[in-house]
Every structure is written in structure tokens, then in C-alpha cells.
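This report describes how one protein chain is arranged and which side chains meet within it. Please keep the sequence and the model in view while reading.

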Amino acid sequence: MEKRFDFYGRHLLLNFSGCEADMDDLEQIECDMVRAVGAVGATIVANLQHKFEPCGVSVILMLSESHASIHTYPEYRACFLDIFTCGELDVMPFGEVLEKLWRPKSVSRQLHERFDPAIVKSSQLPLMLRK
């Protein structure tokens, strides 16, 4: 019998603006992203990064649990970030770590609990969703 995984995950979307960190420093951004993913307890299996001209970077970390990504706009000292993980990992530390490191003046966050009620019964959901 093959192992089955829960059809459930958490998706955190973040917008940072007014960051004190250099949003054009690809090496540092990638290092900070790896650190933030580590705080969640997720496993990085691959990464892809690109530096745009004249400025801006994108980093995508493929996780065994799904993915994390960033797209920066250095001219605004801003970025869009997200992390999605299948299962019950807490994704909030991802944003908390990066917020401490980059010290944005403004932060917008959205947390989406993703599942299909036709597949996942309410009794199978984490307690957080059953309230």
C-alpha cells in the first residue's frame, strides 16, 4: 500500500515595503530565505535565482513540502514573498524571520488554509481550522 499524504496546506503571502535591507543583493536575499525556510522546518530540495537588469531579484526555493519565493523591487525597497507547505507546518516563522532581518516599514500578510472539503473531512483538519 502506498503512503497517502493529507490534501491540506498553508499558504502565507507577504508584501514588504520600506525595507532596510538591500533588495538588490541576490546572495544575501537567498541566504536569508534559506534561513527563514529553516525556521519553518521545511526541507529545500532545489533553488533557482535570477538577477534582473537594471535591478531586482527573484529566488524560488523548491521544498519537499512545496515552495517559497521572493520577487524584489529595489527601487521601492519592497518585495513580494510567499511560502506554501503541505501538511501542518507553521509557516508564520518564515515571515517573522525575514521581517526581523529586513526591517520593513510596512508589512501586509495573508494566511490561506488550503484544502478541498470533498477530499478532507472536517475531523481531519488541524484544530486551527475546526474552530
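## The strands and their order

In this predicted model, strand S2 (residues 44-51) and strand S3 (residues 57-63) are paired in the antiparallel sense, with 7 bridges between them. Within this pair, Lys-51 has Val-57 of S3 standing opposite. In general, the strands of a sheet pair through backbone hydrogen bonds, in either a parallel or an antiparallel sense.

The sheet as a whole is open and is formed by 6 strands, in the order S2-S3-S4-S5-S1-S6, with antiparallel pairing. Which strands lie at the edges? They are S2 and S6, each of which pairs on one side only. From one strand to the next, the twist averages 10°.

How many salt bridges does a search of the whole structure find? The search finds 4. One of them joins Glu-113 to Arg-10, with the closest N and O atoms 3.3 Å apart. These two residues are 103 residues apart and belong to distant parts of the chain: Glu-113 is in strand S6 (residues 106-115), while Arg-10 is in strand S1 (residues 8-17). Arg-10 has a relative accessible area of 8%, so this residue counts as buried, the cut-off being under 20%.

A salt bridge also forms between Glu-20 and Arg-103, whose closest N and O atoms are 2.9 Å apart. Asp-24 is in the loop between S1 and H1, whereas Lys-51 is in S2, 27 residues apart from it in the chain. Is Lys-51 buried or partly exposed? Lys-51 is partly exposed, because its relative accessible area is 34%.

## Polar contacts around Asp-82

His-11 is placed in strand S1. Its relative accessible area is 13%, and His-11 is therefore buried. The side chain of His-11 makes a polar contact with the side chain of Asp-82, at 2.7 Å. Another polar contact, at 3.0 Å, joins the side chains of His-11 and Arg-114. Leaving aside residues up to four places away in sequence, the residues that His-11 touches include His-67, Ile-83, Phe-84 and Leu-111.

Ser-69 is found in strand S4. With a relative accessible area of 10%, Ser-69 is buried. Which side chain does the side chain of Ser-69 meet in a polar contact? The partner is the side chain of Asp-82, at 2.3 Å.

Note on methods:
Residues numbered from 1 in each chain as written. Predicted model: local features only at pLDDT ≥ 70, side-chain atom pairs only at ≥ 80, totals over all residues. Heavy atoms only, no water. Salt bridge = Lys/Arg side-chain N within 4 Å of Asp/Glu carboxyl O. Helix = DSSP H or I, 4+ residues; strand = E, 2+ residues; numbered from the N terminus. Buried < 20%, exposed > 50% of the residue type's maximum accessible area, 1.4 Å probe, protein only. Pairing = 2+ DSSP bridges. Axes fitted to C-alpha atoms, helices over the stretch in contact; angles between N-to-C directions. Polar contact = N/O pair within 3.5 Å; in protein donor to acceptor, adjacent residues only side chain to side chain. Contact = heavy atoms within 4.5 Å.
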